[in-house]
Amino acid sequence: MYIYDEMDQAIVDQRVKQFRGQVARRLNGELTEEEFRPLRLMNGLYLQLHAYMLRVAVPYGVLSSTQMRKLAHIARRYDKGYGHFTTRQNIQFNWPKLEDTPDILAELSDVQMHAIQTSGNCIRNVTADQYAGVAADEIEDPRIYSEIIRQWSTLHPEFSFLPRKFKFAVTGAPHDRAALRVHDVGLRLYENEAGEIGFEVMVGGGQGRTPMLAKTIRPFLARRDLLSYVEAIMRVYNRFGRRDNKYKARIKILVHEIGAEEFTRLVEEEWEHLRGGELDLPLAEVQRMRRFFRPPGYEDLDDPVTWYELKKAENVNFSRWAAANVAAHKQPGYAIANISLKPIGGVPGDATAEQMDAVADLADRYSVGEIRVTHEQNLVLPHLKKADLFDLWRALEAIDLATPNVGFVTDIIACPGLDYCALATARSIPVAQRLSERFADIERQRDIGPLRIKISGCINACGHHHVGHIGILGLEKRGEESYQVTLGGRADENAAIGKIVGPAFTADGIVDAVETVIDTYLDLREEGEEFIDTLERTGHDPFKERLYGAR
Amino acid sequence: MALVRDGQVVQGAQDEWVRVGDAEPVPDNTPAVVTLARWREERSRLLRREAPLGVQLASGDDVAEIADDVARFGLIALEFPAFTDGRAYSSARLLRERYGFMGELRAVGNVLRDQFAFMHRCGFDAFEVRDADADAWSEALAEVRVWYQPAADRHFTAMRLRHRRVAAE
């Protein structure tokens with residue numbers, strides 16, 4: 001993984017020092033809360049319903065075991081013993097004290113971490129495929145370019161006060177595991193017909209109250225032009241994005257209002273001035289960066305691995321876990337394991353300090369000390385020998401992290417909702433918990449198969465409900481929580497925005513409604529169809545009829 | 001209000017520039033700053049003036065409008081109606097890096113010490129700030145020594161420094 005040199009460290013250290021001064025000015029009254037707000041937001045510090053919340057960046061979801069142990073330490077020392085992994089592959093601490101936050105940031109800088117630009121109207125943490133570097137279907141490692149973008153975007157003097165927040169995602173495989181089309185900018189690495197590797201550039205996707213899929217504005221961008229081109233995009237957005245209405249300020253609205261064609265023209269015109277200049281990305285830089293992401297020394301192993309196959313055959317629980325949570329690795333004899341942070345009845349994405357420490361130890365023992373965070377709020381160990389999987393699984397079971405549900409109905413994304421968030425209109429976590437309990441039976445989950453439920457506690461859509469196969473949006477109606485259901489969203493390479501199926505359900509009725517949708521699918525499905533396939537074949541009508549009766 | 005120019009705190013009385021409202025006459029013998037609207041309407045007359053001329057742009061004004069005229073101005077003031085409105089950062093870089101403006105580039109409006117370093121990098125060399133912030137100027141700049149991106153201040157980027165170091169080895 002990327003290792004800071006003294007320049008990277010200097011930037012993070014100066015930031016900690018600067019923030020310490022700002023907190024001191026706030027505490028002694030020199031700064032009002034109003035004036036302090038944008039400064040704390042530049043450092044990931046939010047004021048929530050009950051307390052401050054600190055969001056720490058995990059660049060493109062990559063963590064070392066040392067960093068994970070530091071997160072565990074922070075959870076224990078400065079918080080209530082747990083942390084929450086987010087849909088931007090970050091981690092949030094829900095109960096820090098303001099006066100402790102400079103110390104927390106200083107502790108983070110000791111392990112090359114920070115909270116820079118995890119909030120505010122700036123370029124946020126770059127996300128990437130959680131299987132980067134190890135996916136069997138990968139063409140080019142997106143971490144190389146994610147780190148290049150991270151550096152370019154960090155404390156960018158021109159783009160720190162954008163009309164609104166700005167999110168990049170990068171993938172390097174045909175299967176999109178990073179939800180490119182619902183990002184402000186999505187970058188897909190691929191090889192063109194001439195055999196060159198470059199990016200498809202998509203702009204203007206997003207969720208919130210106006211969900212939109214990003215449009216491709218450049219089918220192929222050479223790698224050396226990456227930074228000059230994204231700088232051109234940012235400059236057009238910074239100059240022309242709307243600032244009169246917070247809800248119309250994302251780049252998707254600009255692209256929509258002036259049209260993708262005109263937007264593209266503006267970007268290309270700006271780029272003509274910038275390309276080939278100081279922002280040119282030399283091959284030497286790509287090569288330098290690539291060295292940080294070199295594969296660890298894999299052994300030459302046979303595949304299939306007898307021991308692994310044998311253990312699956314004799315232990316049904318292990319076999320279930322392997323079927324759901326283990327993914328294909330590019331190296332024979334190796335595998336990728338997902339660690340579900342969705343125990344039945346638990347809070348999606350939460351991990352205790354003890355679990356973080358245990359995962360760090362397991363990463364050291366089995367995965368070259370490396371861990372990933374997924375945008376689906378799970379963890380990944382990316383470099384595992386198949387022969388070690390059984391021992392790993394037993395160790396995970398011991399710390400309640402072996403739930404075999406990755407990709408299934410109980411692998412739910414949920415925002416913090418009204419339990420924590422000042423913006424929320426309804427609770428999300430309890431809905432996720434009740435759904436999880438309703439579908440607890442693992443055989444039933446396996447029968448239902450891959451199904452993505454995503455829950456947001458307000459229209460800002462932090463829980464990605466627009467791209468859930470089943471999306472749930474918590475609203476407030478006459479003082480009561482109510483839940484609107486969307487169907488047919490997806491965040492993969494066939495991205496789609498879900499459609500509202502009908503009138504909202506009560507807090508009591510929402511779990512039954514989801515069960516009705518799933519039962520309808522089970523009744524209608526044809527051989528080999530997943531939920532989303534059946535839905536796309538039949539359309540929404542049969543589901544509506546079952547939910548609301550014939551009309 | 002205080003003016004920080006080239007890193008020095010300048011007393012209000014020492015600021016030679018006078019800002020002229022659209023309804024007021026432009027004084028002949030004093031450095032005067034007019035609005036973009038005034039410049040548009042009275043361009044030919046203003047060009048005949050002998051005393052230095054400045055122009056002030058609102059954050060939504062398109063800086064390209066004065067691209068061909070930048071050499072005529074001794075001062076360009078860019079407004080920050082709120083510190084969260086970041087359009088003037090782009091305007092500043094365009095003026096310096098694309099249109100070659102060499103005069104005084106002044107940040108006016110909601111200009112706070114916490115943004116000094118960003119503004120400086122984008123090409124501003126003068127700042128109208130509240131008195132309490134004026135002395136923080138040098139401290140704010142000293143806080144930052146390494147930059148990842150190229151900007152109007154022509155600092156070497158971290159990337160370039162790294163490759164130079166490799167080349168030297």
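Where is A:L155 found? A:L155 sits in the loop between α5 (142-153) and β7 (168-171) of chain A.

This is a predicted model, in which local features need pLDDT of at least 70, side-chain atom pairs count only at pLDDT 80 or more, and totals for chains, interfaces and linings use all residues. Residues are numbered from 1 along each chain as its sequence is written, while chains are lettered from A and ligands numbered from 1 in the order in which they are written.

**View 1**
A:L155 has a positive phi of about 55°, although it is not a glycine. A:L155 counts as buried because 22 other C-beta atoms lie within 10 Å. (A residue is buried if 20 or more other C-beta atoms lie within 10 Å of its own, exposed if 12 or fewer, and partly exposed in between; C-beta atoms are placed from the backbone.) A:A461 lies in the loop between β17 (453-456) and β18 (470-477) of chain A. Phi of A:A461 is near 65°, a positive value in a residue other than glycine. A:A461 is buried, with 22 other C-beta atoms within 10 Å. Helices (H or I, at least four residues) and strands (E, at least two) are DSSP runs, numbered from the N terminus.

**View 2. A cis peptide bond in chain A.**
The bond between A:D303 and A:P304 is a cis peptide bond. Its omega is about 5°. A:P304 belongs to the loop between α9 (283-292) and α10 of chain A.

**View 3. The side of chain B that touches chain A.**
In this view, 25 residues of chain B are in contact with 28 residues of chain A. (Two residues are in contact if their C-beta atoms, placed from the backbone, lie within 7 Å.) Three elements of chain B give two or more residues to this side: α2 (87-98), α3 (116-122) and α6 (158-168). The largest share, five residues, comes from α2(B). By class, the side of chain B that touches chain A has twelve nonpolar, five polar and eight charged residues. (Ala, Val, Leu, Ile, Met, Phe, Trp, Tyr, Cys and Pro count as nonpolar, Asp, Glu, Lys and Arg as charged, and the others, Gly among them, as polar.)

**View 4. B:C122 and its contacts.**
B:C122 lies in helix α3 of chain B. B:C122 counts as buried because it has 27 C-beta neighbours inside 10 Å. Leave aside its neighbours within four places in sequence. B:C122 is then in contact with A:P157 and A:E158 of chain A, and with B:Y89, B:A92, B:R93, B:A151 and B:A152 of chain B. B:S90 is 32 residues away along the chain, yet the C-alpha atoms of B:C122 and B:S90 are separated by 7.6 Å.

**View 5. Helices α7 and α8 of chain A.**
Helix α7 (residues 251-258) and helix α8 (residues 260-274) of chain A pack at an angle of about 110°, with their axes 6 Å apart. That makes α7(A) roughly perpendicular to α8(A). (Angles under 35 degrees count as roughly parallel, over 145 as roughly antiparallel, 65 to 115 as roughly perpendicular and the rest as oblique.) Axes are lines fitted to C-alpha atoms, for helices over the stretch in contact, and angles run from 0 to 180 degrees between N-to-C directions. From α7(A), the contact uses A:L254, A:V255 and A:I258; from α8(A), it uses A:A260, A:E262 and A:F263. Five of these residues are nonpolar, none is polar and one is charged.

**View 6. Helix α11 of chain A.**
Which residues of helix α11 (residues 316-325) of chain A are buried? They are A:F318, A:W321, A:A322, A:A324 and A:N325. The buried residues of α11(A) pack against α10 (306-314), β11 (326-328), β12 (334-339) and α13 (389-398) of chain A.

**View 7. A:M53 in its strand.**
A:M53 is placed in strand β2 (residues 52-56) of chain A. A:M53 is buried, with 23 other C-beta atoms within 10 Å. The C-alpha atoms of A:M53 and A:V380 are 25 Å apart, and 327 residues separate the two along the chain.
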